[in-house]
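Keep the viewer open and follow along.

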Amino acid sequence: MFRFIVRRLLQLIPTLFGLSLLLFIWLRRLPGGPETAILGERGTPEMRAAIRRNMGLDEPILVQYGRFVRRMIKLDLGTSTSTKRAVTTEFIERFPGTVELTITAMIIAIGVGIPLGYLAARRRGRFLDHASVGGSLIGICIPVFFLGYVLKAIFSENLHWFPSSGRQDPTLGATRVTNFFVLDGLMTREWDAAADALWHLVLPSIALASIPLAIIVRITRASVLEVLNEDFVRTAEAKGLTEQTVRRRHVLRNAMLPVATSIGLLAGGLLSGAVLTETVFAFSGIGAFVAEAIGQRDYPVLMGFILIIAVVYVLVNLLVDLSYSFIDPRVRVR
Amino acid sequence: MALLEVEDLSVTFARRGQRAVHAVDGVSFSVDAGEVVGLVGESGCGKSVTSLAIMGLLPKQPGLRVGGKAVFDGTDLLQLDDRSRRDIRGRDIAMIFQDPLSSLNPVIPIGLQVTEVLTRHRGMKGEAAAKEAAALLDRVGIPDPKRRLKEYPHQLSGGMRQRALIAMAVACQPRLLIADEPTTALDVTIQAQILELLKELVRDSGTALLMITHDLGVVAGMVDTVNVLYGGRVVETARRRPLFRQPRHPYTVGLLGSVPRLDAGRGEKLNPIPGSVRDLLPWPDGCAFAPRCARRIDECVGEPPELVHAHDGRSYRCVNPEPLPGMVPAPREEETA
């Protein structure tokens with residue numbers, strides 16, 4: 001098990017290496033070069049030359065690449081061209097918000113999706129089945145930002161149940177420790193701050209959860225239906241086990257394999273979904289920041305974001321592979 | 001009184017807009033305590049559906065109708081509610097299935113799959129259950145049972161898996177064991193071992209065994225009474241010896257004739273039954289075997305043939321049975337066992 005984890009973590013190295021190459025080429029190949037990207041159309045030739053010198057663009061390409069990699073290893077992602085602060089600092093402040101949001105969304109998607117998909121399969125052809133299959137189709141079709149606006153209009157602007165934007169009420173003056181606001185509140189025993197942060201998470205995480213929820217419902221339903229027809233379920237029934245034992249031990253556990261795979265794939269996609277959700281709810285995570293950076297052509301920020309997505313993807317799928325070995329002994333890792 | 005008395009059992013699958021399929025059509029037979037009874041027939045004759053109907057294991061679907069009676073020790077199994085049925089299954093009546101790999105849960109260790117029966121019906125838990133499970137594995141001839149308990153189905157060989165399934169089935173010393181083609185998925189040497197094991201368990205524990213098979217070799221080796229099924233009906237019932245010596249129903253004759261024999265002369269061809277069991281009847285009623293029957297006469301196609309009870313205790317469902325004395329010599333036991 002330990003060796004497997006180490007091996008998978010080592011796989012990060014070639015992944016990141018390939019990615020660094022792509023990013024490097026991308027930056028060099030920007031229309032008009034990085035200096036135009038930074039200066040826009042208005043730069044004078046002198047300013048361009050100054051930037052080229054500052055960024056070391058006049059040196060041989062290999063030297064440039066070497067320096068690029070060295071900076072990445074030191075987690076120096078450069079300075080944001082729009083906020084003039086180090087990209088790493090910006091990310092440390094904002095990334096926890098996005099993590100909180102995606103984890104909450106994933107908990108909703110899994111916590112609701114698996115039971116719903118299971119019930120739909122058990123009540124195949126009846127109302128709940130049709131409702132959840134139809135509902136999940138709608139869930140997949142509705143764009144996240146649209147759902148976000150609808151939720152906001154209904155539950156915060158009309159009903160005033162939930163706050164419409166932000167991560168926490170700033171008037172609470174909550175203490176910051178890790179920048180995970182919920183966690184901070186729990187650690188400093190500022191319960192109202194934690195509750196408020198959680199409250200702010202509800203609507204955005206529901207919006208973000210909609211697509212993964214819909215997919216998990218469908219995959220769970222299909223998978224349970226398939227397992228119900230397996231011979232070993234009949235064997236379990238023939239043993240006279242209670243319906244509950246048959247379901248829990250024999251049906252659900254086997255049905256979880258495809259669901260685990262899809263969760264791994266969905267978790268990565270959530271980060272991109274967060275860009276839209278955070279923008280709609282003015283939620284100061286990395287997503288809203290990146291959305292702005294796209295508009296500003298803030299390349300250092302974009303580059304950092306791409307790197308983070310890649311690392312998260314690899315780590316999440318490592319977790320999924322590990323979860324396999326708990327679910328299915330046939331793929332148990334050595 | 002018989003331990004299990006199946007009376008006029010019928011199973012119909014009706015689909016909207018389609019002709020209803022009578023998978024089992026008025027099957028009656030009985031199993032005495034400690035007796036080994038065979039249900040024999042080719043694929044699609046309704047033998048598996050019969051056993052699943054008795055166990056209440058037919059997949060629940062709209063259009064499924066089960067009629068008749070299956071009286072086990074005084075209670076009609078078909079009238080029981082789901083809960084009482086679960087109490088009987090695994091405790092009084094246990095079942096062994098055809099494909100041992102797919103019949104075992106791939107993600108749960110063998111041990112738990114054995115102990116869950118013990119927990120459910122005998123209230124055993126923890127250490128006691130594990131000990132009993134090891135003893136059961138040992139009893140069905142699995143070496144090193146303690147280690148095997150921790151293993152998963154994919155780590156066992158085919159024969160071991162079937163032994164494990166048998167261990168689960170006999171865990172509560174059921175009074176009736178239903179074995180649905182228990183050797184079909186195994187290779188020949190393992191088949192013989194599994195049959196030997198079943199014979200031994202039946203002999204030692206006094207469990208009655210309902211053996212469902214298409215393999216007349218299996219029947220010849222261990223069965224006391226044989227019921228031959230065709231097209232969802234019992235076409236002939238007899239003790240083993242008379243059946244092999246003098247089959248009366250033309251289908252039984254055909255079955256026996258299509259068994260390859262080691263003592264057959266060189267170049268002698270097998271005599272398969274022409275046609276297939278799925279051949280539809282061109283007439284609404286009558287003998288289901290008539291389209292393939294060599295002894296067909298006009299009476300075969302009118303009314304469904306009545307079950308004829310012959311004076312020697314055997315019965316057959318044929319208007320033009322094979323005359324006595326039979327044409328097919330009875331195989332000696334040691335050849336076929």
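Start with helix H5 of chain A (residues 87-122) and helix H6 of chain A (residues 127-141), whose axes come within 7 Å and cross at roughly 135 degrees. Helices here are DSSP runs of H or I with at least four residues, strands are runs of E with at least two, and both are numbered from the N terminus. The axes are lines fitted to C-alpha atoms, for helices over the stretch in contact, with angles running from 0 to 180 degrees between N-to-C directions. The angle makes H5(A) oblique to H6(A); angles under 35 degrees count as roughly parallel, over 145 as roughly antiparallel, 65 to 115 as roughly perpendicular and the rest as oblique. H5(A) passes H6(A) in a left-handed crossing, that is, the near helix is turned anticlockwise from the far one by less than a right angle, whereas clockwise would be right-handed.

Which residues make the contact? On H5(A) they are A:Leu116, A:Leu119 and A:Ala120, and on H6(A) they are A:Leu128, A:Asp129, A:Ser132 and A:Val133. Two residues are in contact if their C-beta atoms, placed from the backbone, lie within 7 Å. This set divides into five nonpolar residues, one polar and one charged. Ala, Val, Leu, Ile, Met, Phe, Trp, Tyr, Cys and Pro count as nonpolar, Asp, Glu, Lys and Arg as charged, and the others, Gly among them, as polar.

A word on conventions: this is a predicted model, in which local features need pLDDT of at least 70 and side-chain atom pairs count only at pLDDT 80 or more, while totals for chains, interfaces and linings use all residues. Residues are numbered from 1 along each chain as its sequence is written, and chains are lettered from A and ligands numbered from 1 in the order in which they are written.

Now zoom out to chain A as a whole. It has 13 helices and zero strands, and its C-alpha atoms fill a box of roughly 85 × 50 × 40 Å along the principal axes.

Helix H11 of chain A (residues 243-280) deserves a visit. A straight helix of 38 residues would span 56 Å at 1.5 Å a residue, but H11(A) spans only 45 Å between its end C-alpha atoms; the expected span is 1.5 Å times one less than the number of residues. At A:Leu252, H11(A) bends by about 40 degrees, the bend being the angle between axes fitted to the seven residues ending there and the seven starting there. After H11(A) comes A:Ala282, with a positive phi near 45 degrees.

H11(A) also packs against helix H12 of chain A (residues 286-296), at an angle of about 90 degrees and with the axes 7 Å apart. The two are therefore roughly perpendicular to each other. Among the residues in this contact are A:Val275 and A:Glu278 of H11(A) and A:Val290 of H12(A). Helix H9 of chain A (residues 191-228) packs against H11(A) at about 160 degrees, with the axes 9 Å apart, which makes H9(A) roughly antiparallel to H11(A). Their crossing is right-handed, and the contact residues divide into 19 nonpolar, six polar and one charged.

Finally, look at the partner chain: 25 residues of chain B are in contact with 20 residues of chain A. The largest share of chain B's side, four residues, comes from H3(B).
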